[in-house]
Amino acid sequence: MFLGALLTTAHLEADAASEDHCGSCRRCLDICPTRAFPAPYQLDARRCIAYLTIEHKGHIAHEFRAAIANRVFGCDDCLAVCPWNKFASAAREHRFAARAETADPPLATLITLDDAAFRARFAGTPVKRTGRDRFMRNVLIAAGNSGDRTLAPQAGALIGDASPLVRAMAVWAYRRLATEADIARAKAAHLTDESDPVVRAEWEAPCDDLRPATHQSPDLAPRTFKSEPDHRA
Ligand code: SF4
Ligand code: SF4
């Protein structure tokens, strides 16, 4: 689905309100992992994973991290469950086709991307718009949610990243994946010199925030990546 806006100074007559095509359906409300719909026909974008992982420039609040699960760029679960979308057809414009590099790449690969590798991999795609730091923030949340302890060394390596956005989520992911002894060693090595208050807070966050997450969309295949065509090029 593509949304757009047209701004004009013309005086236009208001047209009739759109018909209600939803009836008693509430699938989109019920599937939403972050409860972003406070009521039918209302969306709180600040809770939407598509907004949080693509548009939001800052840290992602604790309350959303487990629900984000393995989504590193977008969500659209609400669109996937909408019965009206069974009438949608694939676009014939070749530029809208999904690209191979956005088809569920493993977290073990994404978590190793530095800025040059990120740019090279996602040049010409909407993913590049987030920039490497925000993208790595998302990847580290997915890694922390994965329960895959083999990702702990890569998460640990990013604790020394130049970006506080990355460091904060590296600490969060590492504390979910590493052993208690390794976490204690890393904290001793990094916390004293850490000047960013958000990163320091991640080190000091209570352990009940660090339980392994298993939340995935129940009706949809888990995925590390939401591919989108580059319609902004
Ligand atoms: S895109 Fe995902 S998080 Fe956003 S409203 Fe839809 S289901 Fe909820
Ligand atoms: S899933 Fe589709 S039809 Fe059902 S309430 Fe949401 S928008 Fe309406």
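Here are legends for a few close-up views of this predicted model.

**View 1. The protein chain is built from helices, with zero strands.**
Count up the secondary structure and you get 11 helices. Walk along the sequence and the pattern reads α-α-α-α-α-α-α-α-α-α-α. Of the chain's 233 residues, 31% count as buried. Now take the contacts between residues at least 6 apart in sequence: 70% of them link residues at least 24 apart.

**View 2. Helix α7 packs with helix α9.**
Here you're looking at residues 131–146, which form α7, and residues 164–177, which form α9. How far apart are their axes, and at what angle do the helices pack? The axes are 8 Å apart, and the angle is about 10°. Angles under 35 degrees count as roughly parallel, so α7 is roughly parallel to α9.

**View 3. A closer look at the contact of α7 with α9.**
On the α7 side, find D133, R134, M136, R137, L140, I141, A143 and G144. Across from them, α9 brings L165, V166, M169, A170, W172, A173, R176 and L177. What kinds of residues are these: nonpolar, polar or charged? The contact has 11 nonpolar residues, one polar and four charged.

**View 4. The residues around ligand 2.**
Zoom in on ligand 2 and you'll spot C22, C25, R26, R27 and C28 among the residues around it. Sort the shell by type and you get seven nonpolar residues, two charged and no polar ones.

Definitions and conventions: Residues numbered from 1 in each chain as written. Chains lettered and ligands numbered in written order. Predicted model: local features only at pLDDT ≥ 70, side-chain atom pairs only at ≥ 80, totals over all residues. Near = placed C-beta within 6 Å. Nonpolar A, V, L, I, M, F, W, Y, C, P; charged D, E, K, R; others polar. Axes fitted to C-alpha atoms, helices over the stretch in contact; angles between N-to-C directions. Helix = DSSP H or I, 4+ residues; strand = E, 2+ residues; numbered from the N terminus. Parallel < 35°, antiparallel > 145°, perpendicular 65-115°, else oblique. Contact = placed C-beta atoms within 7 Å. Buried ≥ 20, exposed ≤ 12 C-beta atoms within 10 Å, placed from the backbone.
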